Amino acid sequence: MQKILEELERLKAENQLRKIPKVDSKSDGKIVLNGKEYINFASNDYLGISTKTDLREEFLSKNHSLLSSASARLLTGSSPEYSELETTVAKIFNKDSALIFNTGYQANLGVISSLAGKGDVVFSDKLNHASIIDGMRLAEGEFFRYKHLDYDNLEKILSAKREQYKRAIIVSESVFSMDGDVADIDRLVELKKKYNCLLMIDEAHAFCAYGKNLAGLSEGKDVDIITATFGKAVGSFGAFCVSDKPVIEYLTNKARSFIFSTSIPPINIAWSNWILTEKTDFVREQKSKLEKLVSSVHKLLKEKEIETVSQTHIIPIITGSNENTIKVSEKLLSEGYYIPAIRPPTVPIGTSRLRISLTADCNLNDFERLLYIINS
Ligand code: PMP
């Protein structure tokens with residue numbers, strides 16, 4: 001116990017102690033905390049789907065799927081909803097097969113740890129999500145991390161190391177979660193071909209927000225394995241992996257995070273599928289709203305000569321120390337904006353930040369005023 005208390009004290013002293021915020025409710029572009037309403041610039045519900053009351057009511061009036069699966073898929077926890085949703089996502093990504101995982105975290109954990117066995121290797125972007133890092137840690141194979149978006153560095157590592165291993169997997173996010181910059185998927189495809197690797201892309205932040213067919217940034221590209229989550233732009237919960245049939249069959253047999261966990265309630269699976277099949281007009285409408293807002297916001301940043309690595313709806317404002325980040329976040333809260341401080345280990349030490357996340361329900365005026373407050 002003493003060690004636990006000491007660690008908590010250390011986190012507190014370093015302004016790194018995390019607390020669950022008291023969220024009362026959320027509605028279009030807004031969040032109520034401790035009874036007070038704020039502009040929500042921190043949501044991953046990029047298309048604003050999760051808070052649309054009319055959508056939810058329409059869905060619930062027609063759907064009476066079970067609220068529990070009561071078991072893992074391989075036992076009794078499967079039902080038609082799962083295969084319907086798997087067919088839907090495989091089609092969106094133009095792949096043979098799909099497998100639903102309970103979360104994006106579990107998808108990356110299960111895919112990487114089972115595919116990178118003894119004698120295999122993973123090459124991973126240095127800023128990939130914790131779930132990818134944890135998958136590599138759990139894997140029996142080895143891993144190397146290349147400098148963020150530095151494909152010359154990746155090629156150097158590939159040419160030095162690739163030959164020593166059997167199966168090799170290159171892994172990258174498409175839209176990076178904390179910087180909003182994007183991978184060069186064409187270059188990654190070139191490298192995976194040249195060095196005989198599998199290419200895995202995590203589309204968590206791009207699925208449904210990018211791509212004509214909603215398939216994110218890897219749409220139409222020769223990517224072998226794609227993971228993505230339903231918990232962000234789809235406004236639902238859960239995740240999936242799409243790939244060739246043998247890969248999906250392999251994961252069904254080997255991915256421990258899939259095998260040993262009770263599957264998501266069917267009602268939630270049905271909700272994801274309903275959004276992706278019956279509500280595509282609304283999805284596209286919201287996607288187009290988001291695209292317009294993102295384009296206006298980036299135009300404004302350019303006009304104001306504010307440099308950013310972001311090319312997307314995720315815009316980091318690097319505030320450096322934990323202390324400063326908390327200060328700016330609290331100032332914004334007092335001005336009616338909810339943008340929590342993002343600190344290590346979510347981001348590298350010294351790069352704490354406010355992660356602005358634009359959704360279809362945000363607006364340009366609020367963003368402009370936000371910049372004014374930050375700079376005043
Ligand atoms: N991959 C990335 C890039 C993410 O940002 C996240 C969640 N923030 C995940 C995977 C995990 O997804 P989930 O929340 O569904 O576990």
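**Figure 1. Ile-39 and its bridge partner Tyr-337 in a predicted model.** In this predicted model, Ile-39 has Tyr-337 of strand E12 as its bridge partner. Strand E3, which spans residues 36–40, runs parallel to E12, and 2 bridges join the pair. Strands of a sheet pair through backbone hydrogen bonds, in either a parallel or an antiparallel sense.

**Figure 2. The open sheet of 4 strands.** The strands follow the order E1-E2-E3-E12 and form an open sheet with mixed pairing.

**Figure 3. Asn-34 in the loop between E2 and E3.** Asn-34 lies in the loop that runs between strand E2 (30–33) and strand E3. The residue counts as exposed because its relative accessibility is 60%, and the cut-off for exposed is over 50%. When neighbours within four places in sequence are left aside, Asn-34 is in contact with Lys-22 and Asp-24. Glu-14 is 20 residues from Asn-34 along the chain, and the C-alpha atoms of these two residues are separated by 25 Å.

**Figure 4. The crossing of helices H2 and H10.** Two packed helices are described by the distance between their axes and the angle between them. For helix H2 (residues 53–62) and helix H10 (residues 266–277), the axes come within 11 Å and cross at roughly 115°. The crossing of H2 with H10 is right-handed. On the H2 side, the residues that meet H10 are Leu-55, Arg-56, Glu-58, Phe-59 and Leu-60. On the H10 side, Ile-267, Ala-270, Trp-271, Trp-274 and Ile-275 take part in the contact. The residues of this contact comprise 8 nonpolar and 2 charged residues, with no polar ones.

Figure 5. A disulfide is a covalent bond between the sulfur atoms of two cysteines. The count of disulfides in the model is 0. Cys-208 belongs to no disulfide, and the cysteine sulfur nearest to its own, that of Cys-241, is 17 Å away. This distance can be set against the cut-off for a disulfide, which requires the two sulfur atoms to be within 2.5 Å. Cys-208 counts as buried because its relative accessibility is 1%. Cys-362 is likewise in no disulfide; for Cys-362 the nearest cysteine sulfur is that of Cys-208, 18 Å away. Cys-362 is buried, as its relative accessible area is 10% and buried means under 20%.

Terms used: Residues are numbered from 1 along each chain as its sequence is written. This is a predicted model: local features need pLDDT of at least 70, side-chain atom pairs count only at pLDDT 80 or more; totals for chains, interfaces and linings use all residues. Side-chain values use heavy atoms; hydrogens and water are left out. Buried means under 20% relative accessible area, exposed over 50%, partly exposed in between (1.4 Å probe, protein chains only). Two strands pair if DSSP finds at least two bridges between them. Axes are lines fitted to C-alpha atoms, for helices over the stretch in contact, and angles run from 0 to 180 degrees between N-to-C directions. A crossing is left-handed if the near helix is turned anticlockwise from the far one by less than a right angle, and right-handed if clockwise. Contact means heavy atoms within 4.5 Å. Ala, Val, Leu, Ile, Met, Phe, Trp, Tyr, Cys and Pro count as nonpolar, Asp, Glu, Lys and Arg as charged, and the others, Gly among them, as polar.
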